[in-house]
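Good morning, everyone, and thank you for making the time. I would like to walk through one structure with you this morning, going from its packing to its charged pairs.

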Amino acid sequence: LQIYGDSISGNCLKVKWTCDLIGRSYDWIEMSVTAGDTRTPAFLAINPVGQVPAIVFDDGRALAQSNAIILHLAEGSALIPADPFARAKMLEWMFWEQYSHEPYVAVVRFQVKELGKSPGDLEPRLYERSYAALQRLEDALTGGGPFLLRQPFTLADISLVAYTRMARDGDLALDRYPGVLAWIARVEGRLGIGAYAP
Ligand SMILES: N[C@@H](CCC(=O)N[C@@H](CS)C(=O)NCC(=O)O)C(=O)O
């Protein structure tokens, strides 16, 4: 299995963490988004959308979209609930992540940290939506937990922790959310990774 990923990308790290947890071996092919590695003809043949992560199996089949990739790789593992309703609740969180969390929390981070923009120059809506997403996580985890489905630890936690743990990079006040902070530490513990250090 080959993983095409940029190590600074939360979407790409989701794939690495999932493989590490399920004990799947892989070759990591480092791609720099900012250097344009995702726009070469060779990579566009793998993912016509020109985005990482993408994976390629030994038989040549390719798959993109972080949450689709981790869902496929983790099939049959304890990271996906066997109960159909619990599985759908996990997917509810993962679809929400892609539509209502990542487009704000990750974009704010990229613009501030990678593009060097000043937070005050970003569209205020990006911050409003980021804080709405963090508040929703806080509400779900306060008095609930320890994970998003309470139990067990699932792909929903992996998907959502990816950019939440990096939120300070975008000048987001993560410390306002104690339930989220405690959950991040628990998920990092499950992943066997240290606290995020920019
Ligand atoms: N929805 C996609 C988003 C992937 C994505 O935005 N990838 C970024 C890096 S995090 C990228 O490759 N950007 C390069 C580009 O768009 O040219 C996923 O979850 O995999």
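Predicted model: local features only at pLDDT ≥ 70, side-chain atom pairs only at ≥ 80, totals over all residues.

Let me begin with a question: does Tyr 4 count as buried or exposed, going by its relative accessibility? The relative accessibility of Tyr 4 comes to 14%, and since the limit for a buried residue is under 20%, Tyr 4 counts as buried.

Because Tyr 4 belongs to strand β1, residues 2-5, while Phe 43 belongs to helix α2, residues 41-46, the pair ties together parts that are 39 residues apart in sequence. Phe 43, for its part, has a relative accessibility of 3% and so counts as buried.

A second pair is formed by Trp 93 and Trp 96, whose ring centres are 5.5 Å apart and whose planes stand at 85°, so this pair is edge-to-face. These two residues are three apart in helix α4, which means that about one helical turn separates them, and both Trp 93 and Trp 96 are buried.

Let me turn to the nonpolar packing. The largest nonpolar core has 55 residues, and those with the most contacts inside it are Met 90, Leu 155 and Trp 183. The elements that contribute two or more residues to this core are α1, α3 (66-74), α4 (84-114), α5 (124-141), α6 (155-164) and α7 (178-191), and of these it is α4 that gives the most, with eleven residues. Apart from this core lies another, of seven residues, which include Tyr 4, Met 31, Val 52 and Ala 54.

If we look at Trp 183 and set aside its neighbours within four places in sequence, we find it in contact with Leu 137, Leu 141, Pro 146, Phe 147, Leu 148, Asp 157, Leu 160, Val 161 and Thr 164. Val 187, which is found in helix α7, has a relative accessibility of 0% and so counts as buried. With its neighbours within four places in sequence again left aside, Val 187 is in contact with Phe 147, Phe 153, Asp 157 and Val 161. Val 187 and Tyr 131, on the other hand, are 56 residues apart in sequence and 20 Å apart in space, taken from C-alpha to C-alpha.

Beyond its neighbours within four places in sequence, Asn 11 is in contact with Pro 53, Ser 66, Glu 97, Gln 98, Glu 102 and Tyr 163.

That brings me to the charged side chains. Side chains of opposite charge can pair when their charged atoms come close. How many salt bridges are there in this model? The count comes to nine, and I will take three of them in turn.

In one of these, Arg 61 pairs with Asp 59, with the closest N and O atoms 2.9 Å apart; Asp 59 is exposed, its relative accessible area being 54%. The charged end of Arg 61 also sits over the ring of Phe 57, 5.1 Å from its centre. Arg 176, likewise, lies over the face of Tyr 131, at 4.4 Å from the ring centre.

Another salt bridge joins Glu 92 to Arg 136, with 3.8 Å between the closest N and O atoms. Since Glu 92 lies in helix α4 and Arg 136 in helix α5, this pair ties together parts that are 44 residues apart in sequence. Glu 92 is partly exposed, at a relative accessible area of 36%, and Arg 136 is partly exposed as well, at 30%. Together with Lys 89, these two residues, Glu 92 and Arg 136, are linked in a network of salt bridges.

The last one I will mention is the salt bridge between Arg 109 and Asp 169, at 3.0 Å from N to O. It links distant parts of the chain, with Arg 109 in helix α4 and Asp 169 in the loop between α6 and α7, 60 residues apart. Both Arg 109 and Asp 169 are buried.

Conventions: Residues numbered from 1 in each chain as written. Heavy atoms only, no water. Contact = heavy atoms within 4.5 Å. Core = buried A, V, L, I, M, F, W, Y, C linked by side-chain atoms within 4.5 Å. Buried < 20%, exposed > 50% of the residue type's maximum accessible area, 1.4 Å probe, protein only. Helix = DSSP H or I, 4+ residues; strand = E, 2+ residues; numbered from the N terminus. Phe/Tyr/Trp six-rings, centres within 6.5 Å; stacked < 30°, edge-to-face > 60°. Lys NZ or Arg CZ within 6 Å of the ring centre and 35° of its normal. Salt bridge = Lys/Arg side-chain N within 4 Å of Asp/Glu carboxyl O.
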